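Work through the exercises below with the sequence and the model side by side. Try each task before reading its solution.

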Amino acid sequence: MRFLKKCAAAAALILGFSILLGCGSITTSEAKLADLDFTVVSETNIQEDIKELIEEKKESPFQMTYSDGNYKYIVIGYGEQASGGYSIQVAEVYETENTICVRTSLLGPDESEAGATEPSYPYIVIKIENLDKTVVFPES
C-alpha cells in the first residue's frame with residue numbers, strides 16, 4: 001500500500017512538473033524576439049483597396065491587415081470621435097516566434113483644437129515586411 005502511495009505521489013509530481021514546463025514554453029514562444037522596422041503610410045500613399053476598406057469600417061473601432069505580396073499593411077481605426085485633432089502614436093511593432101505584435105494609442109486633440117465639432121475617424125496604416133505571421137494587437 002505504501003509503495004502505491006509513493007508511486008502515485010511521484011507520478012503527481014512528474015505530471016505537475018510537466019505541466020509547469022509546458023506553460024513555460026508557451027510564454028517563452030511569445031517573448032519579444034525583435035523590433036520590426038515599419039513605415040506609417042501617409043494618406044496620399046494608401047492603396048485604393050485599403051482606402052475602400054477603411055471607408056467601410058471607419059465608424060467603429062477596427063483592426064485589419066492587408067497584403068500585396070511584398071508588404072503587409074496593418075490598419076488600426078479608432079472609430080468615430082466627437083471632434084478632429086486626434087493623432088495615433090505607434091508604441092511598438094515587434095515579432096515573437098509566432099506573431100507580429102502592434103501597440104498603438106489614440107492621443108486627444110490639442111487644447112487649440114478643442115473647439116472643433118465635426119466628428120473625425122482617426123486611423124493609421126503601418127507598412128512592414130510581409131512576414132508569414134499573424135498580427136495581434138495586445139492591450140497595453
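**Exercise 1. Is Y73 buried or exposed, and what does its ring pair with?**

Step 1. Check the accessibility. Y73 has 7% relative accessibility, so Y73 counts as buried. The cut-offs are under 20% relative accessible area for buried, over 50% for exposed and partly exposed in between, with a 1.4 Å probe and protein chains only.

Step 2. Know the source. This is a predicted model, where local features need pLDDT of at least 70, side-chain atom pairs count only at pLDDT 80 or more, and totals for chains, interfaces and linings use all residues. Residues are numbered from 1 along each chain as its sequence is written, and side-chain values use heavy atoms, with hydrogens and water left out.

Step 3. Look for ring partners. The whole structure holds 1 aromatic pair. The rings of Y66 and Y73 have centres 6.4 Å apart and planes at 50°, so this pair is tilted. Rings of Phe, Tyr and Trp (its six-membered ring) pair if their centres lie within 6.5 Å; planes under 30 degrees apart are stacked, over 60 edge-to-face, the rest tilted.

**Exercise 2. In what order do the 4 strands of the open sheet stand?**

Step 1. Read the order. The open sheet runs 2-7-4-3, with antiparallel pairing. Strands (E, at least two residues) and helices (H or I, at least four) are DSSP runs, numbered from the N terminus. Two strands pair if DSSP finds at least two bridges between them.

Step 2. Find the edges. Strand 2 (39–40) and strand 3 (61–67) each have a single partner strand, so one side of each lacks a neighbour in the sheet.

Step 3. Follow one pairing. Strand 3 and strand 4 are joined antiparallel over 7 bridges. P61 stands opposite Y78, and F62 stands opposite G77. The hairpin has 3 residues between these strands, and G69 takes a positive phi near 100°.

**Exercise 3. Which residues have the most contacts inside the largest nonpolar core?**

Step 1. Define it. A nonpolar core is a set of buried Ala, Val, Leu, Ile, Met, Phe, Trp, Tyr and Cys residues joined through side-chain atoms within 4.5 Å.

Step 2. List them. The largest core has 13 residues, and I74, V93, I100, V102, I126 and I128 have the most contacts inside it. Strand 4 (71–78), strand 5 (87–95), strand 6 (99–107) and strand 7 each supply at least two residues of this core.

Step 3. Note the separate core. Another core, of 9 residues, includes V41, I54, M64 and V125.

**Exercise 4. Is E129 buried or exposed, and which residues does it contact?**

Step 1. E129 is in strand 7 (residues 123–129). Its relative accessible area is 54%, so E129 is exposed.

Step 2. List contacts. Leaving aside neighbours within four places in sequence, E129 is in contact with N70, Y71 and K72.

Methods:
Contact means heavy atoms within 4.5 Å.
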